[in-house]
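Reader: I would like to go through this structure step by step. Please keep the answers brisk.

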Amino acid sequence: MTDTIHPTRTTPEQAAPDEDALMAFAGRAVSDAGATVATALVVMGDRLGLYRDLAAHGPSTVAEVSERTGTPEPYVRDWINAQAAGEYVTYDPPSGRYTLPPAQAAALTDPDCPVYVQGLFQTALGALHDTGAVVEAARNGAGFGWHEHQTDVYEGTERFFRAGYLANLVDSWLPALDGVTAKLERGAAVADVGCGYGASTILMAQAFPASTFVGYDYHEASVAAARERALAAGVADRVRFTVAPADGFDGTDLDLVTMFDCLHDMGDPVGAARHVRESLADDGTWMIVAPAAGDHPEENHHPVGRSYYGFSTIVCTPSSLAQDVGLALGAQAGPARIGDVATAAGFSRFATVAQTPFNNVFEVRP
């Protein structure tokens with residue numbers, strides 16, 4: 001008897017989807033594709049100064065923006081109409097003028113705005129550039145290291161998260177930790193692990209001049225950038241930046257160890273946590289700032305969670321998988337999984353002490 005291979009059969013629902021549902025999804029797909037292209041347009045508007053020009057001059061025509069920024073009119077025309085279609089700017093047909101509303105102006109042009117989003121788009125653009133390499137890594141069961149990404153990923157990450165740190169770190173997050181602010185005011189020894197370009201380290205140093213701070217990162221280019229930023233900020237006398245892995249930084253009897261949006265990127269977060277435990281003073285504190293997430297997937301099925309799951313797929317999880325152990329917590333690990341890391345490392349106290357739309361803040365004690 002000869003075997004016959006039949007073509008794959010579909011259920012009636014698969015063969016004939018609801019037409020309204022199909023068109024609705026097609027509309028969503030077109031919108032998402034437009035949003036993907038918009039990432040490049042936002043970065044373009046930032047680098048060409050188009051947003052800053054609109055914020056400074058108010059309602060403007062294409063010709064006026066073109067002349068003031070030195071950008072050819074055809075580029076400005078299509079760019080600004082894409083912005084209008086996406087409701088980033090408004091358009092007044094009778095006058096032919098485009099306006100950047102105050103909320104958009106703050107989020108797109110003010111680095112000190114708590115929701116300054118330029119870095120988010122810059123990070124996304126850089127991460128998307130590496131999609132091909134990440135696809136190959138996924139096919140081969142490999143990882144793609146943080147150090148292998150484009151500079152846009154590092155710069156964008158610093159620009160985006162710095163705004164949240166500026167708004168919350170000194171005024172809200174550190175005071176939420178038991179007794180830590182008082183120690184910092186008297187003079188404490190602090191290690192900022194996974195410091196990147198040093199935004200968090202420098203902000204703490206500016207606020208607490210009696211304390212000393214050392215920022216650690218395994219990425220040499222980031223450490224070099226952090227040193228330059230410390231000099232520019234005038235805190236190089238009490239801040240040092242050193243190349244070191246999370247499970248190998250120096251320092252003992254530390255009063256405070258901080259990790260900002262990096263624990264989930266580590267290949268061996270438990271090993272890093274054990275090293276933190278060994279480095280802390282008996283009454284020391286480990287502060288973990290992590291991407292906002294709940295413990296169950298459905299808790300993260302919203303716009304912020306969608307972005308974080310996306311970045312986790314392209315950046316965070318491949319980064320962990322490129323390292324030893326490769327635990328791959330992911331950017332949406334949630335408090336329970338991070339608490340498990342702390343417990344496995346020998347810590348006895350773990351608590352959520354602060355939350356924002358973008359971050360969870362945890363206090364961990366011996």
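Reader: Which residues do ring pairs link into a cluster?

Author: This is a predicted model. By the rule of ring centres within 6.5 Å, the count comes to eleven aromatic pairs. Ring pairs also build a cluster, and its members are Phe160, Phe161, Tyr165, Trp173, Phe260 and Phe358.

Reader: What is the geometry of the pair formed by the rings of Tyr51 and Trp79?

Author: The ring centres of Tyr51 and Trp79 are 5.0 Å apart, and the planes stand at 65°. Planes over 60 degrees apart count as edge-to-face. The pair of Tyr51 and Trp79 is therefore edge-to-face.

Reader: How many residues apart are Tyr51 and Trp79, and in which helices do they lie?

Author: Tyr51 belongs to helix H3, residues 50–57. Trp79 belongs to helix H5, residues 73–85. The pair links distant parts of the chain, with a separation of 28 residues.

Reader: Are Tyr51 and Trp79 buried or exposed?

Author: The cut-off for buried is under 20% relative accessible area. Tyr51 has 1%. Trp79 has 2%. So Tyr51 is buried, and Trp79 counts as buried.

Reader: What kind of aromatic pair do Trp286 and Phe347 form?

Author: The centre-to-centre distance of Trp286 and Phe347 is 5.3 Å, with 40° between the planes. Stacked needs under 30 degrees and edge-to-face over 60. The pair of Trp286 and Phe347 is tilted.

Reader: Which parts does the pair of Trp286 and Phe347 tie together, and how many residues apart are they in sequence?

Author: Trp286 lies in strand E7, residues 280–291. Phe347 sits in the loop between helix H15 (334–344) and strand E8 (349–355). The pair therefore ties together parts whose separation in sequence is 61 residues.

Reader: What is the relative accessibility of Trp286 and of Phe347?

Author: Trp286 counts as buried, at 0%. Phe347 counts as buried too, and its value is 6%.

Reader: Turning to helix packing, are H7 and H9 roughly parallel or roughly antiparallel?

Author: The axes of H7 (residues 118–129) and H9 (residues 151–173) come within 7 Å. They cross at roughly 160°. Angles over 145 degrees count as roughly antiparallel. H7 and H9 are therefore roughly antiparallel.

Reader: Which residues of H7 and H9 meet, and how do they divide by class?

Author: From H7 come Gln118, Gly119, Leu120, Gln122, Thr123, Gly126 and Ala127. They meet Asp152, Val153, Glu155, Gly156, Thr157, Arg159 and Phe160 in H9. By class, the contact of H7 with H9 divides into four nonpolar, seven polar and three charged.

Reader: Which residues does Ala127 touch, not counting residues up to four places away in sequence?

Author: Ala127 is found in helix H7. At 2% relative accessibility, Ala127 counts as buried. The C-alpha atoms of Ala127 and Gly310 are separated by 9.9 Å, though the two are 183 residues apart along the chain. Beyond four places in sequence, Ala127 touches Val153, Ile314 and Val315.

Reader: At what angle do H4 and H5 pack, and is their crossing left-handed or right-handed?

Author: The axes of H4 (residues 62–69) and H5 are 9 Å apart. The angle is about 125°. That makes H4 oblique to H5. The crossing of H4 and H5 is right-handed.

Reader: Which residues make the contact of H4 with H5, and what are their classes?

Author: H4 supplies Val62, Ala63, Val65 and Ser66. H5 supplies Glu73, Val76, Arg77 and Ile80. The classes in the contact of H4 with H5 are five nonpolar, one polar and two charged.

Reader: What is the phi of Glu87, and where is Glu87 found?

Author: Most residues other than glycine have a negative phi. Glu87 is found in the loop between H5 and strand E1 (90–92). Glu87 counts as exposed, at 62% relative accessibility. Its phi is positive, about 65°.

Reader: What is the phi of Asp253?

Author: Asp253 is found in the loop between strand E5 (239–243) and strand E6 (254–260). At 57% relative accessibility, Asp253 counts as exposed. Asp253 is a residue other than glycine with a positive phi, near 55°.

Note on methods. Residues numbered from 1 in each chain as written. Predicted model: local features only at pLDDT ≥ 70, side-chain atom pairs only at ≥ 80, totals over all residues. Heavy atoms only, no water. Axes fitted to C-alpha atoms, helices over the stretch in contact; angles between N-to-C directions. Helix = DSSP H or I, 4+ residues; strand = E, 2+ residues; numbered from the N terminus. Parallel < 35°, antiparallel > 145°, perpendicular 65-115°, else oblique. Contact = heavy atoms within 4.5 Å. Nonpolar A, V, L, I, M, F, W, Y, C, P; charged D, E, K, R; others polar. Phe/Tyr/Trp six-rings, centres within 6.5 Å; stacked < 30°, edge-to-face > 60°. Buried < 20%, exposed > 50% of the residue type's maximum accessible area, 1.4 Å probe, protein only. Left-handed = near helix turned anticlockwise from the far one by under 90°.
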